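Here are a few notes to read alongside the structure.

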Amino acid sequence: MDNSNELEIGFLIELAITGEASEQQFEEVMTRIESEPETAELYRQALAERKLMETQIGDAQESLTRQQQQDAQKIREQELAAEQDRLRRENELNQDM
Amino acid sequence: MESLSELSTQEWISDLEAPLSRYALSLGLSSHDAQDVVQEGLIALTGAMDKNRGSIRNPKAYAFTIVRNNANKHFRDRARRNEVEILEDHPEPREDLDKFDEPLLKETFRQAYAGLSESDRDLIRKYYLEGWTYEQLGEELGCTAQNAWKTVKKIVSQILAGEVKKALSKADPDFAKELFKG
């Protein structure tokens, strides 16, 4: 299978897996899976990739969002502490005068 | 197969049954479970169509998505129950989703994902989590659906390279062999 052919069938496989393929495209993929071992291998690989991505992306995104929220919270706390410190020093200066 | 628009709802729903069943089997379900998942999908599709026909832009894609989601749910439930299932007449390799719960794999995957640019993460999120189609991604990116697919593939390869590949090979060598073939 040459590179352009592999790209073409790779795209059709992905469409078939996600249900975006037209009837004709779907039939073509299924027929080629049955008759071409290379296509069957690409199909299994695409399924495996999709399964992994679907199981991991959600967790990775949640974890990243949590991390970003924690970082933002830390920055807010640091800013608050700096502001309180500034006010305290200002207050001390006022008392000294 | 005729175009869906030329057939009555009942006709094209029954026309979808065979390709949906083959699809469910290709996902690794037993024939009994594949039948259940397809029936559930068709019932959901009929229900949704009866409720509001205009709400489903692409009924065929909707049916395939339901079947895929139901199959994933089946695998997750099975993994939770730790059931052992005897394969019937399709000796395709099966992967248990619980193997992907490996902490090292999760962590390396998370790092690889966090290391992507914001725009790449946005694209991947839209595709895998929000259910955008390649056509929609293409519209967003100003390119064809096929080029959107190439872009997604490139980002996925970037995620799966290096540490994730190592972690996956450790967590599930058979699955890694399947995934990184070629």
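This is a predicted model: local features need pLDDT of at least 70, side-chain atom pairs count only at pLDDT 80 or more; totals for chains, interfaces and linings use all residues.

Which residues are buried in helix 2 of chain B?

1. In helix 2 of chain B, the buried residues are B:Asp33, B:Ala34, B:Val37, B:Val38, B:Gly41 and B:Leu45. Looking down the axis of this helix, you will find them within an arc of 130 degrees, so they line one face of helix 2.

2. Now turn to the other face of helix 2 of chain B. Facing away from the buried side are the exposed residues B:His32, B:Ile43, B:Gly47, B:Asp50 and B:Lys51.

3. The length of helix 2 of chain B holds no surprise: its 21 residues, 31–51, reach 30 Å from the first C-alpha to the last, close to the 30 Å expected at 1.5 Å a residue.

4. Next, the partner chain. Chain A has three helices and zero strands, giving the order α-α-α from the N terminus on. Of its 97 residues, 27% count as buried.

5. Where the two chains meet, 28 residues of chain A are in contact with 31 residues of chain B. On the chain B side, at least two residues each come from helix 1 (9–26), helix 3 (59–81), helix 4 (103–114), helix 5 (118–129), helix 7 (145–160) and helix 9 (173–179). Helix 3 of chain B gives the largest share, six residues.

Terms used. Residues are numbered from 1 along each chain as its sequence is written. Chains are lettered from A and ligands numbered from 1 in the order in which they are written. Two residues are in contact if their C-beta atoms, placed from the backbone, lie within 7 Å. Helices (H or I, at least four residues) and strands (E, at least two) are DSSP runs, numbered from the N terminus. The expected span of a helix is 1.5 Å times one less than its number of residues. A residue is buried if 20 or more other C-beta atoms lie within 10 Å of its own, exposed if 12 or fewer, and partly exposed in between; C-beta atoms are placed from the backbone. The arc is that of the directions from the helix axis to the C-beta atoms.
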